[in-house]
Amino acid sequence: MEHWRAGASLPPACTVTVLIRMNVIWRNSISCVRIRKVPHRYQSGHHPVAPLGTRILTDQAKVFEHNMWDHMQWSKEEAAAARKKVEENSAERVLLEEQVDQKTKEKMKEFSLDHVKDNAANCFSRMHCLTNPEQKNHYKKSAGSADGQSKAGSDFSNLDAKQHRKGPVKTELFPGSSATFRILEVGCGVGNSVFPILNTLQNAPKSFLYCCDFASEAVELVKLHLSYRAGQCCAFVHDICDNCSPYPFPDGILDVILLVFVLSSIHPDRMQGVLNRLSKLLKPGGMLLFRDYGRHDETQLRFKRGHCLSENFYVRGDGTRVYFFTKGEVHNMFCKAGLDEKQNLVDHRLQVNRKRQVKMHRVWVQGKFQKPLHLTQKSSKLVFLPLSHG
């Protein structure tokens, strides 16, 4: 599969940090459910002074005192060395026929249940907030286990597949139809962030969470997890690159879409189509929260020759793909999808391994993009930035 890895988890260094920040957003958003209005943070372009962390390295002698440092500025020498590494590892491109072979291998791996379960174990072992520490088994013995979920919620998560193929479900039947605040996580894997979000939403009965992934086994594991509540969550299998594949809810109803480390695993030729489709799902004023790999991240620099598919697009040893964005590319794609840029930041950090005394530069792009409140509203961000803009 060229879209995203079955049961993929966020990079270890930023998983917890991203979820903590997103949980803050959920709490602020949930408050709007109670007072029934759009949060002020969604109505303005005000940016926090330091939204990406406040741990600043001022003394190089103390670099190994913490695992991560924020707002790291690269020296001219470091930037030049990074560009040189990318030139070297992208000089030899993977042949087209070999790319096809990689797709076949990846497809077989996606449907390996053992592979999905292995990823599940890795995901949950890093997340302290998913379940009770004494709880050794995260999963139900079967999908039909008694867990106090409402029958209506169960019916919502098991909508007839034939009905999906015919087109969008009727308004009165779709999951979360009675909710006043709705979230969609794209590429949920085995629930790395589903359950922290559900935990945050548990005191907001009028909220609803949708989550989807291409891997059916991963989605099944989400549904079998003890923290899954079908009355407030709908996990479903979906290929976001297939524009003909309907969602189990109508367009224009979502308040928030979470797109974290997913877009980078899609072929560059398909990214714009994916964003265009997701944009249609948002209601006016709805927000799309984005975070992904940035250009010259350590992950890109560590690739060896023979793994580059096209410019800044690589294939890993397991067959999954990854693209590395610039701030300008992100701006252009989201604006073309009809969304207004509210935040678009390059997150430069220094990650260190204190035991091995190794320093690694991490680069991520993080943004918030809003659907205009009115259809006639003109975006103020339609001036496209150069693609090389970092």
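The cover over the buried residues of helix 10 (residues 268-281) includes strand 2 (181-186), strand 5 (254-260), strand 6 (282-293), strand 9 and helix 12 (327-336). Here, contact means heavy atoms within 4.5 Å, and buried means under 20% relative accessible area, with exposed over 50% and partly exposed in between (1.4 Å probe, protein chains only). The buried residues of helix 10 are Met271, Val274, Leu275, Arg277, Leu278, Ser279 and Leu281.

The model is predicted, with local features requiring pLDDT of at least 70 and side-chain atom pairs counted only at pLDDT 80 or more, while totals for chains, interfaces and linings use all residues. Residues are numbered from 1 along each chain as its sequence is written, and side-chain values use heavy atoms, with hydrogens and water left out.

The chain contains 12 helices and 11 strands, taken as DSSP runs (helices H or I, at least four residues; strands E, at least two) and numbered from the N terminus. Of its 390 residues, 52% are buried. Among contacts in the chain with a separation of 6 or more, 78% are between residues 24 or more positions apart. The accessible surface of the chain is about 19100 Å², and carbon and sulfur atoms hold 52% of this area (Shrake-Rupley method, 1.4 Å probe; for residues, only the protein chains shown count as cover).

A nonpolar core is a set of buried Ala, Val, Leu, Ile, Met, Phe, Trp, Tyr and Cys residues joined through side-chain atoms within 4.5 Å. The largest such core has 41 residues, of which Leu184, Tyr210, Phe249, Leu263 and Phe290 touch the most other members. Helix 10 gives the most to this core, contributing five residues. When residues up to four places away in sequence are not counted, Leu184 touches Tyr210, Cys211, Cys212, Phe236, Tyr247, Phe249, Leu254, Val256, Ile257, Leu258 and Leu281. A second, separate core of 35 residues includes Val86, Val194, Ile197 and Leu209.

Helix 8 (residues 194-201) is largely enclosed by the rest of the structure, because seven of its eight residues are buried. These are Val194, Phe195, Pro196, Ile197, Leu198, Thr200 and Leu201.

Three strands form an open sheet in the order 7-8-9 with antiparallel pairing, where two strands pair if DSSP finds at least two bridges between them. Strand 7 (308-310) and strand 9 (321-323) are the edge strands, each pairing on one side only. Strand 8 (residues 313-315) is joined to strand 9 by three bridges, and Phe313 stands opposite Tyr323 in strand 9.
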